[in-house]
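Student: Hi! Could you walk me through this one?
Tutor: Happy to, let's look at it together.

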Amino acid sequence: PGFLMGVVGVLYSVVLGFLVGTVWTTFSAAQQTADLEAGYVGDAFNYAGQLPRHQGAQLQRLLARYALTVRSEDWSRASRVRTDGTANLLYDAIAIAVKVPPGRNVSSAEILEENTIRSAFFETLRQLGDARRLRVIQAQTGLPAGLIEALLLGAINVIAFMFLFGVQSYAKQMVMTALLSGSIGLFFGLIVELSSPYSGAIHVSHDALNFVISSNQMERVGK
């Protein structure tokens with residue numbers, strides 16, 4: 001019986017450990033996506049500030065609203081909706097950026113510099129859109145169907161083997177069973193929490209976005 005208990009326990013612990021590593025990798029990827037999105041917002045905001053004054057101010061206002069919207073709304077809603085209002089803000093930014101202000105008396109060197117900045121702004125905006133799209137997709141992913149049931153069934157089997165594996169002291173047997181149940185429950189809960197990186201008790205941090213917002217005074221610009 002002891003050998004059989006060891007085989008069952010090792011098999012389940014290997015599967016559980018593999019799943020913990022898998023969901024942690026997924027969680028880390030979601031955190032990296034959020035950090036990249038925040039960085040792209042900051043870069044695009046700074047590029048917009050180097051464009052013609054009125055146009056740049058409009059673009060910075062849209063990007064500030066984008067960052068504030070993501071911080072205040074999307075993190076809690078990302079796991080329940082497939083779209084959000086930030087896409088329209090990006091579309092509006094593109095529509096404004098493609099328009100070249102008329103009637104300006106500037107040199108060819110200044111035009112070349114402005115076009116270079118505008119190209120960099122569009123590229124950063126494209127990267128921002130890709131990061132946003134990836135964030136929305138990652139928010140929809142979770143554990144495969146049937147995996148929770150399989151984990152629960154495996155946990156019941158392992159606990160049953162432990163409970164039925166008789167020892168001389170009944171109290172020791174109950175303590176061993178309780179410790180095993182607690183360990184399985186701990187890792188099981190960790191897997192479930194990490195599988196939803198944008199919601200739950202353990203979720204992706206938006207410290208990078210907060211830093212970008214505060215360092216660029218986006219709360220004032222986005223009003």
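**A chat about the chain**

Tutor: Buried residues make up 37% of the 223 residues in the chain, where buried means under 20% relative accessible area with a 1.4 Å probe, protein chains only. This is a predicted model, where local features need pLDDT of at least 70, side-chain atom pairs count only at pLDDT 80 or more, and totals for chains, interfaces and linings use all residues. Residues are numbered from 1 along each chain as its sequence is written, and side-chain values use heavy atoms, with hydrogens and water left out.

Student: How many helices and strands does the chain have?
Tutor: There are eight helices and zero strands. Both are DSSP runs, numbered from the N terminus: helices are H or I with at least four residues, strands are E with at least two.

Student: Which residues touch the most other members of the largest nonpolar core?
Tutor: They are L59, L63, F121, L125, L128 and M218, in a core of 30 residues. Such a core is a set of buried Ala, Val, Leu, Ile, Met, Phe, Trp, Tyr and Cys residues joined through side-chain atoms within 4.5 Å.

Student: And which element gives the most to this core?
Tutor: That's α2, with eight residues. The helix α2 spans 53-77.

Student: What is L63 in contact with, leaving aside its neighbours within four places in sequence?
Tutor: L63 is in contact with V41, A44, F45, A48, F121, L125, L128 and M218, contact meaning heavy atoms within 4.5 Å.

Student: Which residues does the second core include?
Tutor: That separate core has 19 residues, including L19, F27, V158 and I184.

Terms used
Buried < 20%, exposed > 50% of the residue type's maximum accessible area, 1.4 Å probe, protein only.
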